[in-house]
Amino acid sequence: MSAGGIKPERSFQDAARVTLANPQMRRNLRHATTTIRDKRQRAVDELPDWEVLRDEAAAIKDHVMAHLSEYLLELEASVKARGGQVHWARDAEEARELVAQIAASHGAKEVIKVKSISTDEIELNAALERHGIHAIETDLAELIVQLAEDRPSHILVPAIHRNRAEIRDLFRRKLGAELLTDDPKALAEAARVYLREKFLTTKVAVSGANFAVADSGTVCIVESEGNGRMCLTMPDVLISVMGIEKVLPTWQDLAVFLRVLPCSSTAERMNPYTSFWSGVTPNDGPQEFHLVLLDNGRTDVLADEVGRQTLRCIRCSACLNVCPVYERAGGHAYGSVYPGPIGAILTPQLLHLEDKNANTLPWASSLCGACYDACPVKINIPEVLLYLRGKIAVDKPVNAEAVAFKTAAWVMGEAYRFEGAIKLARRGQGPLVKHGAIHALPGLLAGWTDSRDLPPVAGQSFREWWRTRPAPEIPTTDGNAQTSEGEPIAPQRTDERGPQ
């Protein structure tokens, strides 16, 4: 299995059946997401102005979306003014070819990579291999995924589905570390020894970008290991692939996101390594800088009034860590480098709602709303999920499910039809009720009771009870009571001990 891509090979439902059958993966995910979730909450609780920061971050992103073309042109001019080169890529194929041509023009046989989900999105590694260029992932988790010929399952922690023992065995096979233990320090040291030579000898690096500041041409990457900074400073040539929605107007705007991102992603007050660069500086860092601005469906998302809020995403992964569906099904079930709730709304939109497997992702949710509460830029993910479900359902051919829901809407549209249906159901359920519940339904309805019991229709509906209930007592202004029909009720005699 090769890492990368946003086109699922099968529907979420089919893929989830496979991942749910892996108990070790589920244990790994439950432990990891619970730990990250608890740490994040403690970090957020330290900020008394957290909700204000969320509002401000969302407002900045919405402003950028409303003026995106202006800020992108400003960014291009600023980068060029500082010695950098800017390339525009309409889709994944154009972006891949641009990076491959630049690397090949320098005779590169290898490139080192900073962790970048945008390059995973365009399947850059496989494209470079076709040009005879081997991409080396330097982020520890991305390296694990690459060595295992696996694919990422989490935005922040791509190898979250693997535990230390699995990683130890992988490094023993792939890195020749035969005496390696599963101690985290030992695992990190094995990766460090392998990567250090690559940092010192590889001349071309590829990165993504967390943000770019339009008015200064500054590109920003945040990370936790320091491997990214080695890639950003030591090679002669740096190529950064950035989604066009990552641009920000000013440094003041960037300050907001450098507060909300680390809290929501790594549960830290600030990222251990925050790197900035503006174009090229003589004798300091890479002497050739290329910025590839990636569209790949983003302008189509921008054109949708409801769906465009998806482009606020800063890839923090907070929504994944609180999602009960992701925690159980795992990232691989989504079939995209964007898993979890954000992937369920981003992937189908990037593919223009034309991929049948991606179009199953909006149903990969319980609609509990935890993702919206956790999102630092206030993307209303449940709203977009329902919106996409509606758009996808409209384009579906008429099927049994659609007919059933239309029939239900007709029955519930009038009280007398609904009451009649309840009476018919009560009479017809007799043979199905056993031990106080319906354990198996016939025909097409059987799927409902495969994993749950259905309570029987009650012997008396609320409407029937309401019509036969005793008339309630209503007090009047003279202290006497009357029924709801207006009949007087004899007043009670009271003394100091109360009613008699």
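Thr33 is buried, with a relative accessibility of 0%; buried here means under 20% relative accessible area, exposed means over 50%, and partly exposed lies in between (1.4 Å probe, protein chains only). Before going on, note that this is a predicted model, where local features need pLDDT of at least 70, side-chain atom pairs count only at pLDDT 80 or more, and totals for chains, interfaces and linings use all residues. Residues are numbered from 1 along each chain as its sequence is written, and side-chain values use heavy atoms, with hydrogens and water left out.

**Around Thr33**

You can find Thr33 in helix H2 (residues 23-45). Helices (H or I, at least four residues) and strands (E, at least two) are DSSP runs, numbered from the N terminus. The Thr33 side chain reaches the backbone oxygen of Leu29 at 2.7 Å. Leaving aside residues up to four places away in sequence, Thr33 touches Ile160, Asn321, Tyr326 and Glu327; contact means heavy atoms within 4.5 Å.

**Salt bridges**

Side chains of opposite charge can pair when their charged atoms come close. A salt bridge is counted when a side-chain nitrogen of Lys or Arg is within 4 Å of a carboxyl oxygen of Asp or Glu.

| Pair | N to O distance |
|---|---|
| Lys80 and Glu76 | 3.3 Å |
| Asp169 and Arg168 | 3.1 Å |
| Arg298 and Glu245 | 2.7 Å |

Where do Arg298 and Glu245 lie in the chain? Their pair links distant parts of it, 53 residues apart: Arg298 is in helix H13 (residues 298-302), and Glu245 is in the loop between strand E7 (237-243) and strand E8 (247-248). Both Arg298 and Glu245 are buried. They also belong to a network of salt bridges that links Glu121, Glu245, Arg298 and Arg315.

Lys80 and Glu76, by contrast, both sit in helix H4 (residues 68-81), four residues apart, which is about one turn of the helix. In the pair with Arg168, Asp169 is partly exposed at 30% relative accessibility.

**An annotated span**

An unreviewed UniProt entry carries the annotation "domain: LUD" for residues 74-293. UniProt positions are given in the numbering used here, feature names are shortened, and annotations may be inferred rather than shown by experiment. In the model, residues 74-293 are 42% helix and 21% strand, and the end C-alpha atoms of this span lie 13 Å apart.

Technical notes. Polar contact = N/O pair within 3.5 Å; in protein donor to acceptor, adjacent residues only side chain to side chain.
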